Amino acid sequence: MSQHRETLASRLGFIFLSAGCAIGLGNVWRFPYITGKYGGALFVLIYLVFLVILGLPIMVMEFSIGRASRQNIGKAFKTLEPAGTKWHWYGPGAIAGNYILMMFYTTVTGWLLAYCFASGGGSFNGLDAAGVETYFNQLLANPLRQILWMVLAVILGFSVTGLGLRGGVEKITKIMMSCLLVLIVILAVHSVLIPGGGEGVKFYLLPDFSKVTESGFGEVIFAAMGQAFFTLSLGIGAMEIFGSYIDKKQSLTGESIRIIVLDTFVAIMSGLIIFPACFAYNVNPGAGPQLLFVTMPNIFNHMAGSRIWGTLFFIFMSFAALSTLIAVFENIISYWMDVHGWSRTKACLINAVIIAVLSLPCVFGFNFWAGFKPFGAGTGVLDLEDFIVSSTLLPLGSLVFLLFCCSKKGWGWNNFISEADIGEGIKFPAKTRFYITWILPLIVLVIFVKGYFDTFSKLF
């Protein structure tokens with residue numbers, strides 16, 4: 001075991017770092033949209049149930065494996081597995097997942113940074129909806145501009161991780177997350193108070209049973225299950241690393257609940273920014289990149305003080321994206337430090353170059369390689385990379401964590417529970433053993449199969 005393991009300075013640092021990793025684009029560009037589509041508050045309730053029965057146990061497992069092994073995911077399984085077993089084979093796979101996630105996350109973070117400057121500089125002033133869409137399409141069509149912003153995102157992320165765990169990652173994430181939480185409240189209050197915004201709040205939060213029956217209860221359940229599963233970035237060791245940096249003063253179930261509460265707060269507040277504004281100005285709140293990069297600037301143009309509100313919104317979004325970037329970069333460089341003995345500086349410099357190069361296919365997917373449509377019309381390199389991470393590595397990785405913590409041939413239930421329960425706070429409910437050993441893996445498997453079915457059934 002490495003004696004010189006760095007640790008986080010504070011409990012708040014751990015909670016903000018883990019929440020920062022979980023809080024990302026999905027909270028803003030997917031959650032509000034599917035909530036509105038599937039029945040408002042009713043959907044939120046179903047989603048919360050799945051967060052607790054699906055996300056929470058796997059999160060506690062990642063943290064437990066991290067804290068017990070005091071290792072990055074690359075060595076954690078090897079440290080804890082019974083002699084002669086091969087669980088550690090997943091370590092490099094999990095790290096590969098972190099790299100693939102960064103192959104497109106850096107590009108989208110670059111777009112957000114570009115929009116911060118464009119919004120602050122008044123580039124959207126006076127543009128109508130078509131004008132804003134043209135602006136976004138021109139950004140996508142210009143590989144050089146995208147590369148410059150993507151490289152800036154990579155440099156910002158690695159500059160923070162290069163400053164060290166406490167002095168960089170923890171300190172700066174605390175500042176960014178504090179600003180993010182303040183910004184989201186200011187933006188949501190402003191949006192709710194717009195004349196005509198009340199209708200949007202009703203649409204978003206009043207339970208609407210007709211939408212549930214219209215879509216079919218099964219579809220609503222799957223949408224809630226998928227969102228609860230993907231929002232927490234579980235399965236590739238992105239959470240496990242922060243478990244390895246914390247002390248044993250607090251039980252891990254209590255800490256995981258706090259992180260999930262923060263993640264959910266940001267997701268729900270995002271909807272309070274988007275829906276009242278969309279309803280007030282009669283704009284359709286779609287999902288995906290269009291929502292952030294076309295719909296939102298268009299909405300801010302209607303507002304008094306549009307430059308201020310637009311810039312604040314994109315600063316908030318950049319913080320959400322950068323907090324994920326920093327968390328995943330930390331996971332990647334700690335792998336090279338733990339497994340290969342590199343210094344932090346060397347790991348940062350080399351990986352900054354590797355990730356910038358790996359991010360190029362995503363950039364080129366919108367211009368030079370726009371003809372590549374892996375899943376049919378309207379899809380590109382970004383969709384393929386997202387599919388590999390979200391629909392393949394996250395569910396299969398979560399399955400590995402589940403089986404490792406529940407199986408006698410793995411780390412085992414008793415070891416997992418005793419680690420999770422060390423410290424003050426809520427203990428892991430031991431009565432859930434049957435559910436977590438036999439039923440939860442099946443649910444994760446169903447999510448995996450459905451992800452593949454939904455993607456490929458559209459092609460035929």
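What percentage of the 460 residues in the protein chain is buried? Buried residues make up 59% of them, where buried means under 20% relative accessible area, exposed over 50% and partly exposed in between, with a 1.4 Å probe and protein chains only. This is a predicted model, in which local features need pLDDT of at least 70, side-chain atom pairs count only at pLDDT 80 or more, and totals for chains, interfaces and linings use all residues. Residues are numbered from 1 along each chain as its sequence is written, and side-chain values use heavy atoms, leaving out hydrogens and water.

The protein chain has 21 helices and zero strands; these are DSSP runs numbered from the N terminus, with helices being H or I of at least four residues and strands E of at least two. The radius of gyration of the protein chain is 21 Å, close to the 23 Å that the globule rule gives for 460 residues, so the chain is as compact as a globular protein of that length. The radius is taken over C-alpha atoms, and the rule is 2.2 Å times the number of residues to the power 0.38. Along its principal axes, the C-alpha trace spans about 65 × 50 × 45 Å.

Among contacts (heavy atoms within 4.5 Å) with a separation of 6 or more, 83% are between residues 24 or more positions apart.

Next come the cavities. A cavity is a set of points, on a 1 Å grid over the protein atoms alone, where a 1.4 Å probe fits but cannot get out; lining residues have an atom within 4 Å of a point. Grid points are joined across faces, edges and corners, and a volume is the space filled by probe spheres set on the points. There are two cavities of 30 Å³ or more.

The largest cavity has a volume of about 70 Å³. Its lining includes Ser119, Phe124, Pro297 and Arg307. Helix 15 (289-302) and helix 16 (306-340) are the elements that give two or more residues to this lining. The second largest cavity, of about 40 Å³, is lined by Leu187, His190, Ser191, Ile273, Phe300, Met303 and Trp309. Helix 9 (residues 165-192) gives the most to that lining, with three residues.

Finally, Pro195 lies in the loop between helix 9 and helix 10 (198-205). Pro195 counts as exposed because its relative accessibility is 71%. Pro195 and Asn137 are 58 residues apart in sequence and 31 Å apart in space, C-alpha to C-alpha.

Terms used
1 Å grid on protein atoms, 1.4 Å probe; cavity = no way out; pocket = protein on both sides within 12 Å on 5 of 7 lines; lining within 4 Å.
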